[in-house]
Amino acid sequence: NELQLLIEAESPDVLLLQEARNIDFTKRVSSEYTTNCKGGLCIVSKFDFDVTGELNRKLINGWGDFAMLYKVNTPEGSFSLANVHMETPRSVIMGFIHGVWDQGLANKTDNNRELEASLITSWRKAQSNVIIAGDFNMLEDENTFRKYFSSMNNAIGQAGVGFNDTKKTSWHGARIDHVLFSDGFVLEKANVLSSILGDHQPVLSVLRFKKL
């Protein structure tokens, strides 16, 4: 219900969601939207789009998709879009908090996160006019984020004022959800909304194609 109200209030051209299993958006959005969901990664779009691929954790002996890839067609032109939900270090962090450190798990998690980032980056380098958005489970100052994503523009990093935490728990807040875009776009505004009761807050960004 909250997502339905959010869509009605903000009227986004494109909405990306993660961990959105068992939601039938066709019953909750107007007919101007087209939807596609796989493995909890969903797109809700006013623009026509094609699903061009997916990146699956089978590549790292895991399960489930960590990215869905699209080509979105707008009246001003098309762009490539990745909806990401990268591996979380939650188990490692909670173990540390409770005094149980598992170095093997920490190394495996870090290696998996870097491999996911490298695969997304390989895809991105083969595209033009790219947006990568979703739950990165990474801060901007983490080594993996700096290595693979610092060359892209970060919407909240450029336009936001203040902490702009997107993930809130009982003991910390952090910005681990991002909207990244290539130099073919101009950012008009970006902010973190506080209208959802879940543990993640939506990032709203307004981008337009850069005029030549």
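Let's start with the largest pocket, which has a volume of about 1400 Å³. Keep in mind that this is a predicted model.

What surrounds that space? The lining of the largest pocket counts 43 residues. Val 14, Leu 15, Leu 16, Val 203 and Leu 204 lie nearest the centre of the pocket. By type, the lining residues split into 24 nonpolar, nine polar and ten charged.

Which of them gives the most to the lining? Strand E13 does, with seven residues.

Now step back to the whole chain. It has 212 residues, and buried residues make up 43% of them. There are five helices and 13 strands. Take the contacts with a separation of 6 or more: residues 24 or more positions apart account for 59% of these.

Next, salt bridges. How many are there in the model? The count comes to six.

Number one pairs Glu 116 with Arg 57, and their closest N and O atoms are 2.9 Å apart. Glu 116 sits in helix H3, residues 103–125. Arg 57 sits in the loop between strand E4 (48–56) and strand E5 (65–74), so this pair ties together parts that are 59 residues apart in sequence. Are the two partners buried or exposed? Glu 116 is buried, and Arg 57 is buried too.

Number two joins the side chains of Glu 142 and Arg 113, at 2.5 Å from N to O. This pair also links distant parts of the chain, 29 residues apart. Glu 142 is in the loop between E7 and helix H4 (143–149), while Arg 113 is in helix H3. Look at the accessibility of each partner. Arg 113 has a relative accessibility of 4%, so it counts as buried. Glu 142 has 24%, so it counts as partly exposed. The cut-off for buried is under 20%.

Glu 188 lies in E12 and Arg 208 in E13, so the pair ties together parts 20 residues apart in sequence. Arg 208 is partly exposed, with a relative accessible area of 37%.

Stay on strand E12 for a moment. Ala 190 is found there. Why does Ala 190 count as buried? Its relative accessible area is 9%, and buried means under 20%. How far is Ala 190 from Val 179? They are eleven residues apart in sequence, and their C-alpha atoms are 9.1 Å apart in space.

Val 179 brings us to another residue, Asn 153. Asn 153 touches Val 179, and the other residues it touches are Gln 158, Leu 180, Phe 181, Ser 182 and Asp 183, leaving out residues up to four places away in sequence. Where is Asn 153 in the chain? Asn 153 belongs to strand E8, residues 153–154. One of its neighbours deserves a second look. The side chain of Asn 153 makes a polar contact with the side chain of Asp 183, at 3.0 Å. Asn 153 has a relative accessible area of 17%, so it is buried.

Last topic: the backbone. Two residues here have a positive phi without being glycine. Ser 11 has a phi near 45 degrees. Glu 19 has a phi of about 55 degrees. Where do they sit? Ser 11 lies in the loop between H1 and E1. Glu 19 is found in the loop between E1 and strand E2 (34–38). What about their accessibility? Ser 11 has a relative accessible area of 34%, so it is partly exposed. Glu 19 has 60%, so it counts as exposed; the cut-off there is over 50%.

Strand E13 gives the most to its lining. And Arg 208, on that strand, is tied to Glu 188 on E12. That's the tour.

Definitions and conventions
Residues numbered from 1 in each chain as written. Predicted model: local features only at pLDDT ≥ 70, side-chain atom pairs only at ≥ 80, totals over all residues. Heavy atoms only, no water. 1 Å grid on protein atoms, 1.4 Å probe; cavity = no way out; pocket = protein on both sides within 12 Å on 5 of 7 lines; lining within 4 Å. Points joined across faces, edges and corners; volume = space filled by probe spheres on them. Helix = DSSP H or I, 4+ residues; strand = E, 2+ residues; numbered from the N terminus. Nonpolar A, V, L, I, M, F, W, Y, C, P; charged D, E, K, R; others polar. Buried < 20%, exposed > 50% of the residue type's maximum accessible area, 1.4 Å probe, protein only. Polar contact = N/O pair within 3.5 Å; in protein donor to acceptor, adjacent residues only side chain to side chain. Contact = heavy atoms within 4.5 Å. Salt bridge = Lys/Arg side-chain N within 4 Å of Asp/Glu carboxyl O.
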